[in-house]
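Please consider the structure shown below. The paragraphs that follow lead through selected residues and then through the domains.

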Amino acid sequence: MTAVRTVTVVGASLAGLHAARGLRSQGYDGRLVVVGEEHHRPYDRPPLSKEFLTGDGDPGEGLGPLALTDPEDEAELDAEWLLGVRAEALDTAAGELRLAGGRALRTDGVVIATGATPRTLPLPPLDGVHTLRTLDDALRLRAELRAGAERAVVIGAGFIGAEVASSCAALGLDVTVVEAAPLPLVPQLGEEMARVCAGLHARGGATLLCGTGVAGLRGAGRVTGVELTDGRALPADVVVVGVGVRPVTGWLEGSGLALDDGVRCDEGCVTALPNVVAVGDVARLDRPGTARTVRAEHWTSGMLQGDVAARNLLAGSTVERFDALPYFWSDQYGARIQYAGRREPGDTVRILDGDPADGGGFLAVYERDAIPTAALGVDRPRPFMRLRRELARAPQPAGR
């Protein structure tokens, strides 16, 4: 690869920030540009569905506790920040990034960190209907929750939907969660443990309705209810749609990069072009030792991929692969759920501590052929972290 004089990070996100830090920590002293569509500098997203919704105060211009950088950190990074600017196209042949407004930026290396955007439903654009991904989304939702709303309907019982429902319940709203699947989180946790975690909704005072979809909304100008496909109607002052996300790759159409529910990369976050890497929610990586690919929408993956991608970008080839054990957590109704590993259908579950049947905390391990593959803990942070470390050190069954 030719000399790298300019690297552009597209996406002022957690993953983009850690890639930028990785570049500097590995000795890159050239021009570093960070392009972000939002007007904010990088901030922490997990609190947006939890303590940010239930807390008081405006984060202000400095983002408060959400900020992922401070003035000293930014001085060390020595980057040019182009915020409130949308990337519109990448011309890989010319080495040029085209931005909204007609500006073109010449660059030798590119880190794609544009993340994901919420999926939507074909519903009318009524006031009171929200998605939650950005700080501005959270500010709008929080304002409505504090403006006298009494009834909330959350569409989708994934982790974000469950966290929003938990926050609404903590604020005293009457909460109903609508999930189209017979049971939420089965792909992630398996049926047995998904059923246990689904029970947290009732414990927290929310109603969970499974196996039914949304047929439409009621209201003129502002939402007043949600119509379900089974014929029921739910009154609602606020509706939050949490039915997953899709990677932000539209701006890369025509770039020559392989796009497949994300940007296709090898096991080191490198695309077919060695001077273009991708990290975070937008990156679809090859799984080492398998024919599979994976796109991880987890905070920890986004943070850890940045350093690997930076090293490979500077090397001009894949000299390190990303193979960190997947890990995520979720706070719901006063309980902390933690998961690590790579569970697959057919893995069995063994309870190591506690009893899920009594509604309290527990620690479980997933196994295949008596070999641990994943761990799940509810309110067992210390033993869970020990088990997580053991999983990370242990060889995984073939094909994972």
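Alanine 370 is exposed, because its relative accessible area is 64% and exposed means over 50%, buried under 20% and partly exposed in between (1.4 Å probe, protein chains only). This is a predicted model, in which local features need pLDDT of at least 70 and side-chain atom pairs count only at pLDDT 80 or more, while totals for chains, interfaces and linings use all residues. Residues are numbered from 1 along each chain as its sequence is written, and side-chain values use heavy atoms, with hydrogens and water left out.

Alanine 370 lies in the loop between β25 (362–368) and β26 (371–378); strands (E, at least two residues) and helices (H or I, at least four) are DSSP runs, numbered from the N terminus. Its phi is positive, near 70°, although alanine 370 is not a glycine. Most residues other than glycine have a negative phi. Aspartate 261 also has a positive phi, about 50°, without being a glycine. The loop that holds aspartate 261 runs between β17 (245–247) and β18 (263–265). Aspartate 261 counts as partly exposed because its relative accessibility is 36%.

Arginine 389 belongs to helix α9 (residues 381–393) and, at 46% relative accessibility, counts as partly exposed. Arginine 142 sits in helix α4 (residues 135–145) and counts as buried because its relative accessibility is 9%. Between the C-alpha atoms of arginine 142 and proline 247, which are 105 residues apart along the chain, the separation is 25 Å.

An automatic or database domain assignment supplies the domain bounds: domain 1 (6–117 + 246–315), domain 2 (120–243) and domain 3 (334–393). The centres of domain 1 and domain 3, taken over C-alpha atoms, are separated by 31 Å.
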